[in-house]
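Please find below a short note on selected local features of the model.

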Amino acid sequence: MHDEGATLEALLGRADVDSRTRGALSRYGNLVLAANRRFNLTGAKSAGDLAEHLIDSLTVIPYLREPYVDVGSGAGFPAIPVALATGMAVTLVEATTKKARFLESLLEELGIAGQVIVERAETAAHRPDLRERYAAGTARALGPAPTVAELVLPFLETGGVAVLQRGTLAPDETVALEDASLMLGGRLETQVPLEGNRRIVLLRKSAPTPHRFPRRIGIPAKRPLCT
């Protein structure tokens, strides 16, 4: 555990992460790696793999503001690193009970302000206390871009932004995302290229999302809009 923490600190230092944030992220990373030995939390099995996720998570910070929601939080990327680096409060939406309980323990142990919603996004996004309440939202690894848009945009207030971390977007997926965003009350604002083939895709919420979205549990993934 100590060696993993030292490795994480060193890798984060090489990426020019400031010393205070390095310490907080290393502590979080150790908790993730320890939990990952007990149940399947993330595909990152080593300090080196985890450092990449931590560094990648920080790339969304310039585009976020409170109140902030993260959909399909899993092990907490990018929301927990964002909270540790900025002090932002976060609402984490995670349907898998073991992962949700782990996220709750992180909020307490790391002193992060926020809450965990143990529900599918398709259901949570129809709750009056959560729907169209957030200025910014993130999501990772939830499927095709139109699926992610359908699961995130309903949480956002008009004027809010969905910050999606993606790899290469094929032309047909970009067109599908543009069309799906319009159906959901949003628009594709821009794509910000990062190193390699990674990018940040910004969807701006320009009008209320029609009440029928998101569709029933499983449908956004099985039948992505406009594809």
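Which residue caps the N-terminal end of H2?

1. Asp18 caps this end of H2, with a side-chain oxygen 3.2 Å from the backbone nitrogen of Arg20. A polar contact is a pair of N or O atoms within 3.5 Å; within protein, one must be able to donate a hydrogen and the other to accept it, and residues adjacent in sequence count only if both atoms are side-chain atoms.

2. This is a predicted model, in which local features need pLDDT of at least 70 and side-chain atom pairs count only at pLDDT 80 or more, whereas totals for chains, interfaces and linings use all residues. Residues are numbered from 1 along each chain as its sequence is written, and side-chain values use heavy atoms, without hydrogens and water.

3. Helix H2 covers residues 19–36; helices (H or I, at least four residues) and strands (E, at least two) are DSSP runs, numbered from the N terminus. Its 18 residues reach 25 Å from first C-alpha to last, close to the 26 Å expected at 1.5 Å a residue (1.5 Å times one less than the number of residues).

4. The structure holds one aromatic pair. Tyr28 and Phe77 are arranged edge-to-face, 5.8 Å centre to centre with 65° between the planes (centres within 6.5 Å; planes under 30 degrees apart are stacked, over 60 edge-to-face, the rest tilted). Tyr28 lies in H2 and Phe77 in the loop between strand S1 (68–71) and helix H4 (79–86), 49 residues apart.

5. Tyr28 counts as buried because its relative accessibility is 0%, and Phe77 because its value is 6% (buried is under 20% relative accessible area, exposed over 50%, partly exposed in between; 1.4 Å probe, protein chains only).

Key. Rings of Phe, Tyr and Trp (its six-membered ring) pair if their centres lie within 6.5 Å; planes under 30 degrees apart count as stacked, over 60 as edge-to-face and the rest as tilted.
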